[in-house]
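I opened my notebook to look through this model, one stop at a time.

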Amino acid sequence: MGSEFLTPASQISYTEIFYEHFPFYLAIGMTADEYWNGDCTLTRYYKKAFEIKKEQKNEELWLQGAYIYDALCAVSPVLHAFAPRGTKPHPYLDKPYSLTKEKARNDKEAEHKANRQKAKAIFEAWAATLDLPSKKGGKDNADNRRSPNRNNS
Amino acid sequence: MAKQISFEYDGKQYTLEFTRKSIEMMERQGFNINDITDKPMTTLPALFAGAFIAHHRFVKRDIIDEIYSKLTNKQELLQKLAEMYNEPLEALMEDPDDNEGNALNWEASF
């Protein structure tokens, strides 16, 4: 009873299993000395680090795809076979994507600030072109406008 | 950090540990962990001696046997040695995602 579990497959020596896994750990950067003579639990961390690296690589490739997509979208107007003459491509992103939340927030704030400065400059330029009455004159005009009402009362 | 057993004997500090190399050497010399139930009288001292290979390779077998005979609480010692012996294999077999997702947990009542 239970002898059915003692097949030759279940009697593989530990050494055979160690040699079976050895190439994988060499491939992910573990040295032979670390594998055979080092702390035996190191393999766990090498494997975990390998998983993290794979994840990072995947994210990098995804990001690259996103940049390529943006670039294609930017040039798409001129790729059109029947595009009107003089069509120009949209400009490519002026800076890379913000990869952290803090950088995204800072970039957004900087963009808002630049927009405000631009709007202020435009408004000031527009205001300078107007022939507005002087401060004193303005007050006089206001008094004049109000005076008929006072007389009526 | 790998599991270790430490003690001092005759003014010298000993650290017992199993590496993959020491297990390979033991198996090359004929050690088989499955013999632990059939031939405990020879297997258990051999298991204890094998734990010296990693850090104290050149300690003579006479001294190891002497230390083994003097150690107390052998039942627990051998249990710990068996755990240590299995650790290099467990570290390879463990799936890093065991603690996440669909892992099936179990517990024994003994």
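My entries below go through each chain, then the contact between them.

**Entry 1: what kind of model**

I noted at the start that this is a predicted model.

**Entry 2: chain A overall**

I began with the secondary structure of chain A and found five helices and zero strands. Following the sequence, I wrote the pattern down as α-α-α-α-α. I then looked up burial: of the 153 residues in chain A, 5% count as buried.

**Entry 3: helix α4 of chain A**

How many buried residues does α4(A) have among its 29 residues? The count is zero, and I put this helix down as hardly covered. I also checked the length of α4(A), residues 101-129. At 1.5 Å a residue, its 29 residues should span 42 Å, and the C-alpha atoms at its ends are 42 Å apart, so the two agree.

**Entry 4: A:L63**

I picked A:L63, which sits in helix α3 of chain A. It has 13 other C-beta atoms within 10 Å, so it is partly exposed; the exposed class stops at 12 or fewer. I also looked at A:L99, which is 36 residues away along the chain, and the C-alpha atoms of A:L63 and A:L99 are separated by 9.9 Å.

**Entry 5: chain B overall**

Next I turned to chain B, where I found five helices and two strands. Along the sequence they read β-β-α-α-α-α-α. Of the 110 residues of chain B, 22% count as buried. I looked at sequence separation too: among contacts in chain B between residues at least 6 apart in sequence, 64% join residues at least 24 apart.

**Entry 6: B:A51**

Is B:A51 buried or exposed? I found 23 C-beta neighbours inside 10 Å, so B:A51 counts as buried, the cut-off being 20 or more. B:A51 belongs to the loop between α3 (40-50) and α4 (61-70) of chain B.

Which residues does B:A51 contact, once neighbours within four places in sequence are left aside? I listed B:I5, B:L16, B:E17, B:F18, B:L81 and B:M84. I also noted B:T15, 36 residues from B:A51 along the chain, with 8.5 Å between the two C-alpha atoms.

**Entry 7: the helices on either side of that loop**

I then looked at how α3(B) and α4(B) pack. Their axes are 10 Å apart, at an angle of about 115°, and the two helices are therefore roughly perpendicular to each other. The crossing of α3(B) past α4(B) is right-handed. On the α3(B) side I found B:P45, B:F48 and B:A49, which meet B:R61, B:I64, B:D65 and B:Y68 in α4(B). By class, the residues of this contact are five nonpolar, no polar and two charged.

**Entry 8: two positive phi values in chain B**

I looked up B:D10 and found phi near 55°, a positive value in a residue other than glycine. B:D10 is in the loop between β1 (5-9) and β2 (12-16) of chain B. With 8 other C-beta atoms within 10 Å, B:D10 is exposed.

B:N73 also went on my list, with phi near 50°, again a positive value in a residue other than glycine. This residue is in the loop between α4 and α5 (74-93) of chain B. B:N73 has 9 C-beta neighbours inside 10 Å and so counts as exposed.

**Entry 9: where the chains touch**

**Entry 10: α1 against α1**

α1(A) passes α1(B) in a left-handed crossing. From α1(A), I noted A:Y14, A:T15 and A:F18, which meet B:R20, B:I23, B:E24 and B:E27 in α1(B). The residues of this contact are three nonpolar, one polar and three charged.

Methods
Residues are numbered from 1 along each chain as its sequence is written. Chains are lettered from A and ligands numbered from 1 in the order in which they are written. This is a predicted model: local features need pLDDT of at least 70, side-chain atom pairs count only at pLDDT 80 or more; totals for chains, interfaces and linings use all residues. A crossing is left-handed if the near helix is turned anticlockwise from the far one by less than a right angle, and right-handed if clockwise. Helices (H or I, at least four residues) and strands (E, at least two) are DSSP runs, numbered from the N terminus. Two residues are in contact if their C-beta atoms, placed from the backbone, lie within 7 Å. Ala, Val, Leu, Ile, Met, Phe, Trp, Tyr, Cys and Pro count as nonpolar, Asp, Glu, Lys and Arg as charged, and the others, Gly among them, as polar. The expected span of a helix is 1.5 Å times one less than its number of residues. Axes are lines fitted to C-alpha atoms, for helices over the stretch in contact, and angles run from 0 to 180 degrees between N-to-C directions. Angles under 35 degrees count as roughly parallel, over 145 as roughly antiparallel, 65 to 115 as roughly perpendicular and the rest as oblique.
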